[in-house]
Amino acid sequence: MTENHQGNVPSRQRKRFPGISSRAYEHPADRSALVALRKLSGFDTAFKALSGLLPERSLRLLYLSDSVRVSDAQFSQLNDMLRDACYILDLEKVPSMYVTQDPKPNAMCIGMDEPIIVVTTGLVELLDEEEMRAVIGHEVGHALSGHAVYRTILLFLTSLALKIAWIPLGTVAITAIVTALREWFRKSELSADRAGLLVGQDVQASMRGLMKIAGGNHLHEMNVDAFLAQADEYEKAGDLRDSVLKILNVLPRTHPFTTVRAAELKKWSESRDHQRIMDGHYPRRSEDKDTSVTDSFRESAGHYADTVRTSKDPLLKLVGDIAGGAGDIAGDLGGRLRNRFGGGQTTKETGDKPGSGAADGGPGTGTGEAKDGQSEG
């Protein structure tokens, strides 16, 4: 499974993750949505029926008739990478994979019952072997997570919104749902990037692939560190007007910006969560049915709170400052009320009034506890 068929040169050995659950690599927001959807009664039946309303079967026939199916006889190296990715992530059924003529570098995983992976000729010609391995691992990660459900619902609701556009306010609710789904979908791309890293197990190759998708096949003119610096500059650059523009730019997209994806993946590659997976400590699929929806949403909420707290973006920093200020005001007010109704007596040891720990975030203030809760989330 880990053999390079170019010249029959053995490839480096990669770790395998038997029985790994997609929860191991999923972004918190993506994971919470998927856990909730999987817990819905009748979920599979409803969405299989929904999938039947969309041109999924038509797309399958289209690629079969007008693209090249990857196999031992056609694009055999890609076929080896696909089987290797499924072996590493322990995906029992290897999806069908097609190469379609399109100069634009792209790849996707579609289908709910039997996912298929499609890569364009532009992507095949752009990436080297290790970079392509990460992309195929990315798509296999989509298949393992069942991310096609997002795509299916998005297509359905977009189509429905067009049909009821004539109804006053008819698209308002749907637009709100579509906006939330796009946020989930963007986070699902970050999840799949992580799956690609678990398959390729070469963070530099993953970085190069994202950099090439952004700037083309000119590696001698590009630098990974400088590319990552762009993401940092993008996050903290400008004022509140730029923050609003960034939100408006990303809202209609189903994918995060490429520099942001690279920075997020680099950060995850250096995290304790990634190291634990590489050491063989990860959630198993056999435990998925026992996953708590509440815990998943709590982790997702904690992630967003931590993002606001640590972000360099001017708008998010303002939100964090306002939230922190509100907490300080609430803690100070609570301390004053306790003093007022407690008689305002001082302690013999320090001369401080009861509850004065609020000023330094001590126990009982609520402020320090809230901040700790955010950082732990």
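These are my notebook entries on a predicted model.

**Sheet**

I began with the strand order. The sheet is open, has four strands and runs β1-β2-β4-β3 with mixed pairing.

I then went through the pairings. Strands β2 (residues 96–100) and β4 (residues 116–120) run parallel and are joined by five bridges. Along this pair I noted Val99 opposite Val119 and Thr100 opposite Thr120. On the other pairing I looked up, β3 and β4 are antiparallel, with four bridges. There Met108 stands opposite Val118, and Cys109 has Ile117 as its bridge partner.

**Strand β4**

Is β4 enclosed or open to the outside? Five of its five residues are buried, so I put β4 down as largely enclosed by the rest of the structure. I sorted these residues by face. Ile116, Val118 and Thr120 lie on one side, Ile117 and Val119 on the other, and all are buried. For reference, side chains in a regular strand alternate between the two faces of the sheet.

**Helix α6**

Helix α6 (residues 129–145) does, touching β2, β3 and β4, and its direction makes about 20° with that of β3. The result is 17 of 17 residues, so the helix is largely enclosed by the rest of the structure.

I inspected both ends of α6. Asp128 caps the N-terminal end, with a side-chain oxygen 3.2 Å from the backbone nitrogen of Glu130. Just after the helix, Gly146 takes a positive phi of about 80°.

**Nonpolar cores**

I listed the largest nonpolar core, which has 44 residues. The members touching the most others are Phe17, Ile20, Leu89, Ile136, Val140 and Leu198. A second, separate core has five residues, including Tyr63, Tyr98, Ile110 and Ile116. I followed up Ile136 from the largest core. Beyond its neighbours within four places in sequence, Ile136 is in contact with Leu78, Met81, Leu82, Ala85 and Met97.

**Ser191**

I located Ser191 in helix α8 (residues 172–200). Why does Ser191 count as buried? Its relative accessibility is 0%, and the cut-off for buried is under 20%. Setting aside residues up to four places away in sequence, I found that Ser191 touches Tyr25, Glu26, His27, Asp30 and His147.

**Leu59**

I found Leu59 in helix α3 (residues 56–66). Leu59 is partly exposed, at a relative accessible area of 29%. Leu59 and Gly111 are 52 residues apart along the chain, and their C-alpha atoms are separated by 9.2 Å.

**Helix α12**

Last, I looked at α12 (residues 258–269). This helix has 12 residues and reaches 16 Å from first C-alpha to last, close to the 16 Å expected at 1.5 Å a residue. As its buried residues I recorded Thr258, Thr259, Arg261, Ala262, Leu265, Trp268 and Ser269.

Methods
Residues numbered from 1 in each chain as written. Predicted model: local features only at pLDDT ≥ 70, side-chain atom pairs only at ≥ 80, totals over all residues. Heavy atoms only, no water. Core = buried A, V, L, I, M, F, W, Y, C linked by side-chain atoms within 4.5 Å. Buried < 20%, exposed > 50% of the residue type's maximum accessible area, 1.4 Å probe, protein only. Contact = heavy atoms within 4.5 Å. Helix = DSSP H or I, 4+ residues; strand = E, 2+ residues; numbered from the N terminus. Expected span 1.5 Å × (residues − 1). Pairing = 2+ DSSP bridges. Axes fitted to C-alpha atoms, helices over the stretch in contact; angles between N-to-C directions. Polar contact = N/O pair within 3.5 Å; in protein donor to acceptor, adjacent residues only side chain to side chain.
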